[in-house]
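Subject: Structure for your review

Hello,

Here is the structure I said I would pass on. My notes on it follow below.

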Amino acid sequence: MPDLAGPNLDQFYRDLNQQFFAGALPPVQVRWSTRMTRAAGIYYGQRGCIALSRPLLLNKPEALISTLLHEMIHVWCHRVQDRPQEGHGAMFRAKMREINAAQAQIQVTLRHQFNTQALARYQAYCDHCGRSRLYHRRCKGLACGACSRQAGKRWSQQFLLTWIPL
Ligand SMILES: [Zn+2]
Ligand SMILES: [Zn+2]
């Protein structure tokens, strides 16, 4: 078995379920993903499981719990409130505010901002419009989407991004 040492995710799920959802959430499998780096966490409603990004969250207990709680609000909307299409709608945000108001240590956010930036190793820069975005790996041949669209194209060599290692 690969090394999956770290916090017991099922235990976290059970504890947070009691603390913030009055134990109303159904059991959902929570697992690490070793490859997921674009998002810190994902709730797969169809399969009924939550994946958490190991590269982004291991050894970051506050980010881990914040992310897990975010995904658990999705479970709550979907399975307890029967609103599978809720997304980050009003019901989601109301529950998020309730959790944030109930304690001061962990703040749940709509996006998991803390991660993508922390892991970025490159900045891709468009010389044409000056926009830049952070990436964790270099993607050859990537062109600025905004500039390409403005020129009525999906991709244009003219707007190839410049990569700056961070
Ligand atoms: Zn979400
Ligand atoms: Zn551009």
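The centres of domain 1 and domain 2, taken over C-alpha atoms, are 32 Å apart. The domain assignment puts domain 1 at 9–115 and domain 2 at 120–165; such bounds come from an automatic or database domain assignment.

Please note that this is a predicted model, in which local features need pLDDT of at least 70 and side-chain atom pairs count only at pLDDT 80 or more, while totals for chains, interfaces and linings use all residues. Residues are numbered from 1 along each chain as its sequence is written, and chains are lettered from A and ligands numbered from 1 in the order in which they are written.

Overall layout

The chain has six helices and six strands, where helices (H or I, at least four residues) and strands (E, at least two) are DSSP runs numbered from the N terminus. Their order from the N terminus is α-β-β-β-α-α-α-α-β-β-α-β. The C-alpha trace spans about 55 × 40 × 30 Å along its principal axes. Of the 166 residues in the chain, 23% are buried. Buried means that 20 or more other C-beta atoms lie within 10 Å of the residue's own, exposed means 12 or fewer, and partly exposed is in between, with C-beta atoms placed from the backbone.

Cores

A nonpolar core here is a set of buried Ala, Val, Leu, Ile, Met, Phe, Trp, Tyr and Cys residues joined through C-beta atoms within 7 Å. The largest one has 24 residues, and L52, L69 and M72 touch the most other members. Elements giving two or more residues to this core are α1 (9–21), β3 (49–53), α2 (54–57), α3 (61–80) and α4 (90–102). The largest share, nine residues, is from α3. A second, separate core has six residues, including A124, C126, A143 and L161.

Helix α4

With 13 residues, α4 reaches 18 Å from its first C-alpha to its last, close to the 18 Å expected at 1.5 Å a residue; the expected span is 1.5 Å times one less than the number of residues. F92, K95 and I99 are buried in α4. These three lie on the same side of α4 because they cover an arc of only 70 degrees around the axis, taken from the directions from the helix axis to the C-beta atoms. The buried residues of α4 pack against α1 and α3. Exposed residues A90, A94, R97, E98 and A101 are on the face of α4 turned away from its buried side.

Regards

Definitions and conventions: Two residues are in contact if their C-beta atoms, placed from the backbone, lie within 7 Å.
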